[in-house]
Amino acid sequence: TFYVTDDNGNLISTDDLFRSYSSKELRKELQDQLNLHWEDSHKNAEISSFLSVFKDFLNRQRLRIRICHLSGGSGRKIVREYTSLMDAVVEEIFNTLLRCHGFREENCDFAMVAVGGYGREELNIHSDLDILFLHRGNLTTQSTLIISDMVRFLCDLRVSLSHTVRGIDLCLEEATHDRICRISMINIRYL
């Protein structure tokens with residue numbers, strides 16, 4: 001076993017570089033780091049204070065994926081790994097925002113949906129993260145706050161984001177009139 005260091009001097013085992021991680025495994029690792037930060041802040045953390053935890057996690061995992069790619073990992077493996085990574089990050093940003101605001105998930109009146117290459121689980125490392133925030137009608141103030149904070153947080157992480165906030169009726173209407181929109185709706189995945 002060999003070790004390499006990331007930009008922050010953290011050691012990464014070469015054994016970890018070549019195994020595949022599911023979104024669930026990545027989420028567990030990220031949750032553990034977030035929980036430590038939450039406890040260190042005495043459960044009174046500002047949303048922005050979590051940014052460094054997400055940045056470190058993303059940098060470490062991107063390095064792992066880059067080394068896997070340079071070592072001969074297939075294109076299919078690389079895009080699946082990156083998709084799993086971004087699934088874990090997006091889902092944990094959502095959970096962190098709920099926790100910091102003191103909101104409950106069941107009170108949110110929207111769904112996060114991956115679209116396009118992200119929806120197909122074929123997210124390239126330099127591709128936009130296409131997310132549709134899908135709702136039934138008017139959004140509550142809580143949901144509007146969570147969505148705007150998510151967009152801001154992802155931009156602060158320097159994730160290339162392409163997002164839309166749409167009602168179901170508008171999505172159906174656009175899909176009937178716009179072939180490209182209709183095709184993109186085929187490749188959606190609930191996050």
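Predicted model: local features only at pLDDT ≥ 70, side-chain atom pairs only at ≥ 80, totals over all residues.
I took two strands as paired if DSSP finds at least two bridges between them. Helices (H or I, at least four residues) and strands (E, at least two) are DSSP runs, numbered from the N terminus.

**Ground rules.** Residues are numbered from 1 along each chain as its sequence is written, and side-chain values use heavy atoms, with hydrogens and water left out.

**Strands 4 and 5.** Next I looked at strand 4 (residues 129-135) and strand 5 (residues 161-167), which pair in the parallel sense over seven bridges. I picked out two of the partners: Ile131 bridges to His163 in strand 5, and His135 bridges to Gly167. I then followed the chain from strand 4 through helix 6 (residues 141-156) to strand 5 and found a right-handed β-α-β unit. Right-handed here means that, with the strands pointing away from the viewer, the path from the first strand over the helix to the second runs clockwise.

**Helix 6.** I checked the length of helix 6: its 16 residues should span 22 Å at 1.5 Å a residue, and the end C-alpha atoms are 22 Å apart, which agrees. The expected span is 1.5 Å times one less than the number of residues. Which residues of helix 6 are buried? I listed Gln142, Ser143, Ile146, Ile147, Asp149, Met150, Val151, Phe153 and Leu154. Buried means under 20% relative accessible area, exposed over 50%, and partly exposed in between (1.4 Å probe, protein chains only). These buried residues pack against helix 3, helix 4 (75-101), strand 3, strand 4 and strand 5.

I zoomed in on Ser143, which is buried with a relative accessible area of 0%. Leaving aside neighbours within four places in sequence, Ser143 is in contact (heavy atoms within 4.5 Å) with Asn107, Cys108, Asp109 and Phe110. After helix 6 comes Arg158, with a positive phi near 65°.

**Aromatic rings.** I paired rings of Phe, Tyr and Trp (its six-membered ring) if their centres lie within 6.5 Å; planes under 30 degrees apart count as stacked, over 60 as edge-to-face and the rest as tilted. By that rule I have four aromatic pairs. Trp38 and Phe50 are stacked, because their ring centres are 5.8 Å apart and their planes are at 25°. Trp38 lies in helix 2 (residues 23-40) and Phe50 in the loop between helix 2 and helix 3 (51-70), so this pair ties together parts that are twelve residues apart in sequence. Trp38 is buried at 9% relative accessible area, and Phe50 is buried at 2%.

Phe110 and Phe133 make an edge-to-face pair, 5.9 Å centre to centre with 70° between the planes. Phe110 is in strand 3 (residues 110-114) and Phe133 in strand 4, so the pair ties together parts 23 residues apart in sequence. Phe110 counts as buried at 12% relative accessibility, and Phe133 at 1%. I also noted that ring pairs link Phe94, Phe110 and Phe133 into a cluster.

Where does the charged end of Arg189 sit? I found it over the ring of Tyr118, 5.2 Å from the centre. The rule asks for NZ of Lys or CZ of Arg within 6 Å of the ring centre and within 35 degrees of the ring normal.
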